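The following paragraphs go through the aromatic contacts of a model, then its core and one of its helices. Please keep the sequence and the coordinates at hand.

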Amino acid sequence: MTEQTDLRKNVDVGVVHFIPLIKPKIQLPFKIVEKVVKNVFQFRRKHCYRGLEMLFPEQQRKEMTAELLRVAGVNSQKRPFELCMADFRALAIAYNKFCIENPALYQYDFREDLSLKNYNRKQGIDLSSLKTNLKAGDGSAESQTFHK
């Protein structure tokens with residue numbers, strides 16, 4: 001027998017059929033639950049707070065993540081695969097409350113922030129002066145600092 005034939009004998013096959021629950025375990029909008037779970041598993045082998053940090057803008061990341069974990073009552077040293085359904089429910093509920101208080105969090109995606117930083121770095125745009133000028137209310141092209 002060839003090696004390829006031997007490999008075929010060791011394969012187990014099964015069919016799985018999923019039936020959705022009538023009442024979901026976490027009764028929040030799917031997009032909120034999906035965002036929390038996806039971010040938690042972003043860094044599967046790290047502690048869960050690493051992935052949760054990505055839910056928040058960089059300036060507020062550490063404080064907001066600590067507050068989220070405190071409100072949810074979840075141990076920050078757990079790894080994503082150690083979290084149970086109750087932990088995910090608590091995190092999603094706490095994050096939803098944060099989003100209600102600050103609606104901009106609904107739209108926040110760290111990947112877009114990262115893409116913008118990378119784009120600006122490639123273009124030679126100094127983001128620190130750009131942010132300073134925008135906060136001052138002067139968004140004109142002349143006030144932006146460029147490095148070439």
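A search of the whole structure, which is a predicted model, finds three aromatic pairs. F41 and F88 form a stacked pair, with 5.9 Å from centre to centre and 20° between the planes. This pair joins distant parts of the chain: F41 sits in the loop between α2 and α3, F88 in helix α5, and 47 residues separate them.

F56 and Y95 are both buried. Ring pairs also bring in F98, which forms a cluster with F56 and Y95. One further aromatic ring has a charge above it: R50 lies over the face of F43, at 4.6 Å from the ring centre.

In soluble globular proteins, nonpolar side chains tend to be buried together. The largest nonpolar core of this model has 22 residues, and Y95 is among those with the most contacts inside it, along with V40, L52, L68 and L91. The elements that contribute two or more residues to this core are α2 (30–40), α3 (48–53), α4 (61–72) and α5 (85–101). Helix α5 provides the largest share, seven residues.

Which residues does Y95 touch, leaving aside those up to four places away in sequence? They are I32, K35, V36, L55, F56, L68 and L105.

Three of these names lead back to α2, where I32, V33, K35, V36, N39 and V40 are buried. Seen down the axis of α2, the buried residues fall within an arc of 165°, so they line one face of the helix. The spacing follows from helix geometry: an α-helix has 3.6 residues a turn, so residues three or four places apart point the same way. On the face of α2 turned away from the buried side are the exposed residues F30 and K31.

Note on methods:
Residues numbered from 1 in each chain as written. Predicted model: local features only at pLDDT ≥ 70, side-chain atom pairs only at ≥ 80, totals over all residues. Heavy atoms only, no water. Core = buried A, V, L, I, M, F, W, Y, C linked by side-chain atoms within 4.5 Å. Buried < 20%, exposed > 50% of the residue type's maximum accessible area, 1.4 Å probe, protein only. Helix = DSSP H or I, 4+ residues; strand = E, 2+ residues; numbered from the N terminus. Contact = heavy atoms within 4.5 Å. Arc of directions from axis to C-beta. Phe/Tyr/Trp six-rings, centres within 6.5 Å; stacked < 30°, edge-to-face > 60°. Lys NZ or Arg CZ within 6 Å of the ring centre and 35° of its normal.
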